[in-house]
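Subject: Handing over the structure

Hi there,

Here is the structure I promised to pass on to you. Please have a look at it first, and then read on for what turned up in it.

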2 protein chains.
Amino acid sequence: VTYTIGLDVGGTKIAGGVVDETGAIVHAGRVETPAQDPAAIVRGCADLAGRLARDGGVEIDAVGVACAGFIDADRSTVLFAPNLAWRNLPLRDELAALIGLPVVIENDANAAAWGEFTHGAAEHADGMMLLTVGTGIGGGAVVRGQLLRGGYGIAGEFGHVRVVPGGLRCGCGNKGCLESYASGSALLRAARELVATGGADAIALTQRCGGDPSKLRGADVTELAEAGDIASVELLAEVGTWLGEGAASIGAVLDPDVVVIGGGVSAAGDLLLEPARTAFRRNLIGRGHRPEPEVVLATLGNDAGVIGAGELARQHLEECR
Amino acid sequence: VTYTIGLDVGGTKIAGGVVDETGAIVHAGRVETPAQDPAAIVRGCADLAGRLARDGGVEIDAVGVACAGFIDADRSTVLFAPNLAWRNLPLRDELAALIGLPVVIENDANAAAWGEFTHGAAEHADGMMLLTVGTGIGGGAVVRGQLLRGGYGIAGEFGHVRVVPGGLRCGCGNKGCLESYASGSALLRAARELVATGGADAIALTQRCGGDPSKLRGADVTELAEAGDIASVELLAEVGTWLGEGAASIGAVLDPDVVVIGGGVSAAGDLLLEPARTAFRRNLIGRGHRPEPEVVLATLGNDAGVIGAGELARQHLEECR
């Protein structure tokens with residue numbers, strides 16, 4: 001039996017786990033990340049891996065690290081990680097030196113896609129695409145059983161497919177990105193706009209935030225929608241529609257076997273998924289003349305990155321054998 | 001030495017060639033296609049292949065067929081070919097029975113991408129994407145040295161990525177597809193609109209078509225642009241800009257090593273390519289923090305489909321060995 005460690009490095013914490021061959025996390029842990037201290041995050045990764053290896057009680061063969069940033073084509077260097085203050089950081093070799101084990105690094109959404117592909121919603125498919133709908137939109141894809149990395153390691157940036165020319169400004173510097181229309185931030189922006197109008201539709205949302213739109217959270221919208229508030233249902237449907245339309249465009253490029261939707265906003269379930277499915281089918285190229293991929297919920301939740309990173313480490317070991 | 005035959009089946013003709021191991025067409029031929037008679041096109045393919053095999057004077061080991069349509073995932077059946085009246089046609093087996101050789105079938109733009117990858121503009125790359133700009137926009141991509149086919153054989157439909165919500169109606173039934181903004185048809189539509197305005201800008205274009213916008217051809221715009229007509233230069237730049245912006249969105253999905261632009265409109269060269277390059281770079285995800293793929297002209301011209309189909313037949317032989 002082989003065990004690996006998967007780490008998922010986010011802007012505020014590092015989540016980690018010991019992953020076995022079935023994709024189960026047999027021992028988990030986490031630490032806070034000092035976001036603006038690049039070296040401290042590297043040490044935090046090494047410390048957490050060391051602690052998991054010690055406390056897990058099993059022998060670890062390799063470590064996989066998922067992080068929110070661009071990873072170069074040979075998977076050694078983090079080119080740019082906006083939320084971690086990492087620039088051209090040779091993370092693989094620095095961590096391998098600290099940990100004393102083989103290390104694999106990968107973009108976090110790619111790692112999550114690999115997790116859902118190997119042990120989650122797409123485990124019976126040969127190819128898939130994952131859209132993670134959180135604050136932004138992350139993406140990852142598997143083609144013919146291999147993670148789609150691209151020529152420069154930057155494939156699968158689905159949140160930055162442009163869906164509206166001259167549209168809303170995105171954090172990436174461009175305008176009109178899918179992320180600006182189909183993410184948790186987009187949901188919250190629309191909900192706050194609705195409250196600010198003061199209309200009758202917005203009564204439940206207005207009450208929920210005490211009349212202060214800035215106090216509204218994404219989870220409020222989902223909870224109100226689940227309780228039947230029409231305006232909240234429609235806000236989620238609007239985001240789901242953009243998501244499905246965007247997925248159809250990305251599908252025209254990749255033609256996935258299955259489309260997996262994950263991330264925090266996907267907790268809304270069919271309130272997000274059904275509008276997404278309808279929009280996806282309506283915009284699918286060649287509809288009526290082709291099989292249609294299913295649009296399904298991710299099944300690994302927040303563990304997808306840790307499991308995927310652990311599995312990528314395992315794959316690395318197998319390839320090197 | 002292995003020789004294969006490549007056939008490229010279009011709406012009005014079938015082009016074919018005997019392709020050697022260097023990707024050279026050593027013997028070429030063509031026949032008209034009776035577009036509305038599905039069975040006659042199949043016979044036309046078989047007849048042309050037979051003639052090429054006889055007249056080429058070399059032994060042929062396999063035949064590849066590129067055609068404008070959706071091919072199923074196991075590459076045996078044409079699901080839907082709008083211009084050829086083919087619906088659920090088991091083309092591979094019908095042709096193999098008629099020709100008596102192994103047959104491989106593929107979407108025409110995918111075959112062209114494979115041609116440019118193996119012997120054309122992207123022959124030194126590991127991954128690439130091709131946009132063919134003709135009446136419409138065709139697309140094909142290579143990922144890690146393998147043609148991107150997708151789960152249902154329909155990947156690379158770049159012309160049907162939506163770039164404008166609620167935009168112009170496309171022949172595919174959707175609205176706002178890249179094909180409606182960045183193709184030869186889009187160029188001609190814009191040029192005709194300009195002539196119809198009767199403005200001073202349009203003098204050269206108006207003279208060229210004798211004042212009748214419907215008489216204007218795409219080549220007129222390119223020729224006038226090459227002669228320095230500002231309006232024609234701008235029309236090509238507008239199409240090139242859409243093309244570059246669309247390529248940047250597709251690039252956010254695929255992250256190609258190199259972007260290849262082919263098809264009839266690419267004969268305009270830098271008049272199309274320079275605006276496309278500028279728009280591509282400006283919209284590229286992560287620019288400033290990553291290597292940038294080059295945007296280059298295709299080098300195989302109209303032969304890309306024949307060469308690619310021949311090479312796919314050769315690849316099939318090698319895989320079966």
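Let me start with one strand: A:Thr132 sits in strand β9 of chain A, which covers residues 128–133. Strands here are DSSP runs of E with at least two residues, helices are runs of H or I with at least four residues, and both are numbered from the N terminus. With a relative accessible area of 18%, A:Thr132 is buried. The cut-offs are as follows: buried means under 20% relative accessible area, exposed means over 50%, and partly exposed is in between, using a 1.4 Å probe and protein chains only.

Before going further, a word on the model and its conventions. This is a predicted model, in which local features need pLDDT of at least 70 and side-chain atom pairs count only at pLDDT 80 or more, while totals for chains, interfaces and linings use all residues. Residues are numbered from 1 along each chain as its sequence is written, chains are lettered from A and ligands numbered from 1 in the order in which they are written, and side-chain values use heavy atoms, with hydrogens and water left out.

Back to A:Thr132. Setting aside neighbours within four places in sequence, A:Thr132 is in contact with A:Ile137, A:Gly138, A:Gly139, A:Gly262 and A:Gly263; contact means heavy atoms within 4.5 Å. A:Val18 is 114 residues away from A:Thr132 along the chain, and their C-alpha atoms are separated by 23 Å.

A:Gly16 counts as buried, at 6% relative accessibility. Beyond four places in sequence, its contacts include A:Gly6, A:Leu7, A:His27, A:Leu48 and A:Val306.

A:Ala279 belongs to helix α9 (residues 270–283) of chain A and counts as buried at 5% relative accessibility. Apart from neighbours within four places in sequence, A:Ala279 is in contact with A:Thr241, A:Gly244 and A:Glu245. A:Glu245 is 34 residues from A:Ala279 along the chain, yet their C-alpha atoms are separated by 5.4 Å.

The other one, A:Leu224, is in helix α7 (residues 218–226) of chain A. A:Leu224 counts as buried too, at 11% relative accessibility. Not counting residues up to four places away in sequence, A:Leu224 touches A:Ala204, A:Leu205, A:Arg208, A:Asp229 and A:Ser232. From A:Leu224 to A:Arg208 is 16 residues in sequence and 8.7 Å in space, C-alpha to C-alpha.

Now for chain A as a whole. Chain A has ten helices and 13 strands. What would a compact globule of 321 residues have as its radius of gyration? It would be near 20 Å, and chain A agrees with 20 Å; the radius is taken over C-alpha atoms, and the globule rule is 2.2 Å times the number of residues to the power 0.38. Along the principal axes, the C-alpha atoms fill a box of roughly 60 × 50 × 35 Å. Buried residues make up 58% of the 321 residues in chain A. Among contacts between residues at least 6 apart in sequence, 62% join residues at least 24 apart.

Chain B has some details of its own. B:Ala85 lies in the loop between β6 (78–81) and β7 (86–89), and its phi is near 60°, a positive value in a residue other than glycine. B:Ala85 is partly exposed, with a relative accessible area of 22%. In strand β7 of chain B you will find B:Asn88, which has a positive phi of about 50° although it is not a glycine. B:Asn88 is exposed, at 54% relative accessible area.

Finally, the cysteines. How many disulfides does the structure hold over all chains? The count is zero, a disulfide being a pair of cysteine sulfur atoms within 2.5 Å. The sulfur of B:Cys170 is 3.8 Å from the closest cysteine sulfur, in B:Cys172, which is too far for a bond. B:Cys172 is in no disulfide either, and its nearest cysteine sulfur, that of B:Cys177, is 3.7 Å away. B:Cys170 counts as buried at 5% relative accessibility, whereas B:Cys172 is partly exposed, with a relative accessible area of 24%.
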